[in-house]
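Trainee: I am new to this structure. Could we go through it together, step by step?

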Amino acid sequence: MDAAAKGLTRTGGGARPWSAPAEALLLTSDGVRIHAAHLPYRGRAEGARGSTGPDGEGEAAGGLAVVLAHGFTGAVERPAVRRAAAVLARHAGVVTFSFRGHGRSEGLSTVGDREVLDLRAAIDWARSLGYRRVATVGFSMGGAVVVRHAALYGGVEAVAAVSAPARWYYRGTVPMRRLHWVVMRPLGRLVGRLGLHTRIDPREWTELPVPPVEAAARLTRRGIPLLVVHGDSDPYFPLDHPRSLHGAAAANGSAELWIEPGFGHAENAADEALLERVGEWLAVSR
C-alpha cells in the first residue's frame, strides 16, 4: 500500500476527486502524518478552454497535477503558498502540503533530508485523485527536496527549483548564518518553534543526504527536465548556487536557467508574473 492509500482524512472529491478542493492527512513511509490540500485546475480565466479532468472532463491538459513544496517555515495555510497555488492552478491541478514539523503536519523538520518522503506521499495522493501526470515545484528548501526526490525516485514529468541551494551547510550570507543558528542551537530551535511555528529535529544528520547539485546531475539518467529559477537579489544564496544546479543537469540533459532581475527569495518574493511563467513551463514540459 502506497503512502497516499494510507490517507487518514479527506474532505471533498466525491466521484471525481480531482474536480473539487480537498484536504487530507497523509501517512509517509516512515510513519509521519502530513497535512495536504488539493486545488483543482481553474484555467486562466472564466470560460478558459481546457479539458476538465484526467479523463477529459475539466482538468489541465493530460491530467497534470503540480505538487508544490514550500520553503523552510512555510505551510499549506501560509498566504504565500496559497497565492502560488492559486496561480499554478491556472495551468494544472495543484497539491500543496506542509513538510514535517511545519503547519498542521506532525513530526520534526530534518531541513531537507527525510522531507523527500513527505513529497513522495503528496505525489502518491495526487495520483490517487486521478491525475495521470505529476510535476513538482519547490521553493528554497523545497527546491532542494524536489530535485533530490526526482533523482532518488523519478516518476515525475518535470521539476522546477526556485531559490534552491546547490549544497548543504552554506553559511556565506547573514540570513544563512542566522538560519544555521535556528537549526543547530537549542535556543534557536526554541525560537523556531515559538516564533516561526517550525519544529526542528535536534539530531544532526547521521549520513549526509545527496547534495542538490549531485542530485541534479542524476536527473539526466531519468530524462527529467529541470528548471532552475533564482533572483539576482536573493539574500540567502548567491548566483553560484543556481548556476551549479543548472550546469550539473545541463551537462547531458534538459535544463533551463532563469536569473530573475530584482527577485528576492522563494515563494514570499515570487510575484504573479513569475509564478505564471513557471506554471506555463511545467504545463508544457514532458
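Predicted model: local features only at pLDDT ≥ 70, side-chain atom pairs only at ≥ 80, totals over all residues.

Mentor: Residues are numbered from 1 along each chain as its sequence is written, and side-chain values use heavy atoms, with hydrogens and water left out.

Trainee: What is the mean pLDDT of the protein?

Mentor: pLDDT is the predictor's confidence in each residue, from 0 to 100. Here 87% of the residues reach 70 or more. Over residues 1-9 the pLDDT is below 50, and over residues 46-62 the pLDDT is also below 50. The mean for the protein is 90.

Trainee: At what angle do helix α2 and helix α3 pack?

Mentor: Helices are DSSP runs of H or I with at least four residues, strands are E runs of at least two, and both are numbered from the N terminus. Axes are lines fitted to C-alpha atoms, for helices over the stretch in contact, and angles run from 0 to 180 degrees between N-to-C directions. α2 (residues 115-128) and α3 (residues 141-153) have their axes 9 Å apart. Their angle is about 75 degrees.

Trainee: How are α2 and α3 therefore placed relative to each other?

Mentor: Angles under 35 degrees count as roughly parallel, over 145 as roughly antiparallel, 65 to 115 as roughly perpendicular and the rest as oblique. The angle here is about 75 degrees. So α2 and α3 are roughly perpendicular.

Trainee: Which residues of α5 does α4 meet?

Mentor: The axes of α4 (residues 174-184) and α5 (residues 186-195) come within 5 Å and cross at roughly 95 degrees. Contact means heavy atoms within 4.5 Å. From α4 come W181, V182, V183 and M184. In α5 they meet P186, L187, G188, R189, V191 and G192.

Trainee: Which element gives the largest share of the lining of the largest cavity?

Mentor: On a 1 Å grid over the protein atoms alone, a cavity is a set of points where a 1.4 Å probe fits but cannot get out, a pocket is an open set with protein on both sides within 12 Å along at least five of seven lines, and lining residues have an atom within 4 Å of a point. The lining of the largest cavity includes L88, V137, F139 and L274. β6 (133-139) and α9 (272-284) each give two or more residues. The largest share, three residues, comes from α9.

Trainee: How many nonpolar residues line the largest cavity?

Mentor: Ala, Val, Leu, Ile, Met, Phe, Trp, Tyr, Cys and Pro count as nonpolar, Asp, Glu, Lys and Arg as charged, and the others, Gly among them, as polar. This lining has no polar and no charged residues. The nonpolar count is nine.

Trainee: What volume does the second largest pocket have?

Mentor: Grid points are joined across faces, edges and corners, and a volume is the space filled by probe spheres set on the points. This pocket is lined by 16 residues, with A37, L39, V76, R82 and T96 nearest its centre. β3 gives the most, with four residues. The volume is about 290 Å³.
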